[in-house]
Amino acid sequence: MVFFLALRVVAERATEATQDNILAASATSIADAVYTDAGVVRVEIPYSALSMLGTVSEDRVFYHVILDGETLTGYEDLPVPETRGAGRDPRFATTLYRGDTVRAVVVRRTLNADRIHRVEVVVAQTRLGLAAISSRITTTATAIGVVFFLAATALSTFAAQNALAPLSRLAEAVRRRGPRDLRPVTAETPTELTPLVGGLNGFIARLRAALTRSEDLIVEAAHRVRTPLATVRTQAEMVHLQMEKPENRAALRQMIRAVDESSRSAGQLLDHAMVTLRSDQLETEEIDPADLLRDAVDRLSPTADLKDIAIALDLPDATLRVRGDAILLQNAVRNILDNAIKYSPADTQITVRLVPGATCRLEVCDQGRGFVVEDVARMPERFSRGSNVEDVVGSGLGLTIVRDVAEAHGGALDITPNTGGPGACVTLVLPCS
């Protein structure tokens, strides 16, 4: 708005100055046409004097020639601009005449005849054309100003984007990384950003070292726990064989069970630390997912037999392929099947199947307690367990390991009720290669 008003003022002043110059030229031309003939003062209005005003616009033009205070010719009621000083310098005024605003000029001269005569010539013109010209100038100048402003804004934006592009690329390179990707930043950046990249890489290195120390501590602690637990279990089994009283044998069985659960928890801590470390740099290869399921069933069938749990393996005829880290995928499948055996009652069946499709679905369905609907969303979280298994000892890491392995391979963990009866289905979903 300020820009528009400023342009408006400048345009009005420019057009007014142009009109004043033409008015002064017209009045001077008429004043120069005043002459004496046989002692009589006459004037012949030059055509050019008024036509030059007509070239500016279609406004009306008025004139008044005054000789010694008396009208010689023209419009007698045309106001005479107030004059100060002497000489032929034109004087201008804006006034109201016959209902219109007019711009008027008066030019004075003296005429020597039988005596000295004082001649005043007043020329006036309406200002409608002046306003139109001023409006056009303002509109044109505003349009040009807006165009230049938009161009300047576009150029400034372009320059700013070019200047910030390296920083944006750096931010995007960091943003695309996974939660465990702690490699140094190697994106190309200008010299000005070198200290920033150096500081960021230094921070990443310190964070990686801290996480490595934490994982090493977990691994070492779990290893140190498992070794004495194995010794305790062996001794407990030997004592169990020597006990004769049923109550003592039952107490030892409870102790052996607790030792087994503690050893299992330590093992899952090791598995979780291993998954965390290997997820950053997967050792990928082509894998048959059917082999993963066969291996898990072969390894855990003895544990299932102890509870009289049958494992049914359902594999498709077609050969499927997934690309991934064999050790991590074996670990994930074993955890799913181990959980199913752990929470299934005796004399039930676990179905292990491979479902082909747009993705490879490694599915384990049991006939156990299933999952409480409210618990499903938080089940994959670390150390989180269902509210309906509080009487069963567990670490709460099994599904966490499966989820982390799935996400590291671009897949997902799917938990659903068992449509074939009680229990639940836990599925490792992987992209097919």
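Predicted model: local features only at pLDDT ≥ 70, side-chain atom pairs only at ≥ 80, totals over all residues.

The largest pocket holds about 920 Å³ of space. It is lined by 25 residues, and those closest to its centre are D260, R264, L300, T303 and D338. Helices α4, α5, α6 and α7 each give two or more residues to this lining. The largest share comes from α5, with nine residues. By type, the lining has 12 charged residues, seven nonpolar and six polar.

Now the salt bridges. Over the whole structure there are 13. Let me go through a few.

R321 pairs with D288, at 3.7 Å from N to O. R321 sits in the loop between β9 and β10, and D288 in the loop between β8 and α6, so this pair ties together parts 33 residues apart in sequence. Are these two buried or exposed? R321 is partly exposed, at 36% relative accessible area. D288 counts as buried because its relative accessibility is 15%, and the cut-off is under 20%.

Next, R353 and D314 form a salt bridge, with the closest N and O atoms 4.0 Å apart. R353 is in strand β11 and D314 in strand β9, 39 residues apart. R353 is partly exposed at 24%, and D314 is partly exposed at 41%.

The salt bridge between R403 and E381 has its closest N and O atoms 3.4 Å apart. R403 lies in helix α8 and E381 in the loop between β12 and α8, so parts 22 residues apart in sequence are tied together.

Finally, D295, R299 and R334 are linked in a network of salt bridges.

Technical notes:
Residues numbered from 1 in each chain as written. Heavy atoms only, no water. 1 Å grid on protein atoms, 1.4 Å probe; cavity = no way out; pocket = protein on both sides within 12 Å on 5 of 7 lines; lining within 4 Å. Points joined across faces, edges and corners; volume = space filled by probe spheres on them. Helix = DSSP H or I, 4+ residues; strand = E, 2+ residues; numbered from the N terminus. Nonpolar A, V, L, I, M, F, W, Y, C, P; charged D, E, K, R; others polar. Salt bridge = Lys/Arg side-chain N within 4 Å of Asp/Glu carboxyl O. Buried < 20%, exposed > 50% of the residue type's maximum accessible area, 1.4 Å probe, protein only.
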